[in-house]
Amino acid sequence: MSDQAGRTKVPDFMIVGAVKAATTWLNVQIQNHPDVYLPDPEPHYFSREFERGPDWYAEFFTEARPGQLVGEKSADYLADPHAAERIARVLPAIPLIAQLRDPVDRAYSDYCMLYRRGTIRGGPEEYLNPATATFRRFLDNGLYGTHLRRWLSLFDRRQMLVFLFEDVRATPAQVLDDTCRHLGLSPMNEGRAPAAGKVNDGAAPLLPLAIRRLAQPAKNLVKPLRGTRMFESVRGLLAKPMAYPPMTADLRARLRDYYAPEVEALEVLLNRDLSQWLPGANGLARPASSRQGNTAVLTAAGPR
């Protein structure tokens, strides 16, 4: 797809991750802004689909109305080793939004997501032990200091808005106000609570894996039935709460030690106290609203 000037359509802003840090929540909220178009699917273009080319990428934005700000969300961009450089080459001035979560909780939540899908079957020790894990996705995605330094070596720090999963929980309206301000949009809540929207709920009842695999080829045929009374009644009879293998206190402590250097580096980059993510901590990091000043936009120490 091309715009009126014949240029291939590209987004005006990006939500880049991290995975399992409330990026779906933000995507849904921003979709409710009348001046924004955000597609539901994650393109993953600048990470794992780059070889498909710009015309394939532009198809994600064909339904945008004239004058709308167009965005995309691909939560794997933050940690991907190639995405930042590719985006900087194509869209060097684009506004970026990053969302971060306690790296230990994020790693376990990511593990639970793939366990829920049936992609992995082993326990947390097999996948989250820093000393022995060979499948590194869960661990590497939480190396926030390393990832942000890579992005800030390529983009002006003022282009990137960063907030925490805990901010979404504590002050969701403030997060949306900051996001709209960062993107040059009018405020969208006007004192109302953020709109309800879908989230990736790992606690939701789930059909048994065998049934999900059998039904996968008919997924598009069944889609129109979702939400109907008959469909939901049948699903309710079969779906059961998912039981996830727990993470031990010892493994959690080892992960705290593993991530400590990255958390300390992140504190400097964000100019924000993240001591609750460090060894010995048990609670949640304080939301930005409980601190003096707004530290969401990267204006503290760091590259550029």
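The model is a predicted one, in which local features need pLDDT of at least 70 and side-chain atom pairs count only at pLDDT 80 or more, while totals for chains, interfaces and linings use all residues. Residues are numbered from 1 along each chain as its sequence is written, and side-chain values use heavy atoms, with hydrogens and water left out.

Let me begin with the overall composition. The chain contains 13 helices and five strands; these are DSSP runs numbered from the N terminus, helices being H or I of at least four residues and strands E of at least two. Of its 304 residues, 49% count as buried, that is, under 20% relative accessible area with a 1.4 Å probe and protein chains only.

I turn to the sheet. Five strands form an open sheet in the order E2-E3-E1-E4-E5, with parallel pairing; two strands pair if DSSP finds at least two bridges between them. At the edges stand E2 (36-37) and E5 (160-164), each pairing on one side only. Strand E1 (residues 13-15) pairs with strand E3 (residues 69-73) in the parallel sense over three bridges, and phenylalanine 13 lies opposite glycine 71 in E3.

Next, the helices. Eight of the nine residues of H1 (residues 23-31) are buried, so this helix is largely enclosed by the rest of the structure. Among the buried ones are Trp25, Leu26 and Ile30.

How do H4 and H13 pack? Helix H4 (residues 103-117) and helix H13 (residues 249-270) pack at an angle of about 120°, with their axes 9 Å apart. Axes here are lines fitted to C-alpha atoms over the stretch in contact, and angles run from 0 to 180 degrees between N-to-C directions. The two helices are therefore oblique to each other, a class left over once angles under 35 degrees (roughly parallel), over 145 (roughly antiparallel) and 65 to 115 (roughly perpendicular) are set aside. Pro103, Val104, Asp105 and Ala107 in H4 meet residues of H13 including Leu255 and Tyr259, contact meaning heavy atoms within 4.5 Å.

Finally, the cores. A nonpolar core is a set of buried Ala, Val, Leu, Ile, Met, Phe, Trp, Tyr and Cys residues joined through side-chain atoms within 4.5 Å. The largest has 61 residues, and Met14, Leu100 and Trp151 have the most contacts inside it. Apart from this core lies another, of 19 residues, among them Phe13 and Leu26. Tryptophan 151 touches, among others, Val16, Tyr77 and Met160, not counting residues up to four places away in sequence.

Terms used. Buried means under 20% relative accessible area, exposed over 50%, partly exposed in between (1.4 Å probe, protein chains only).
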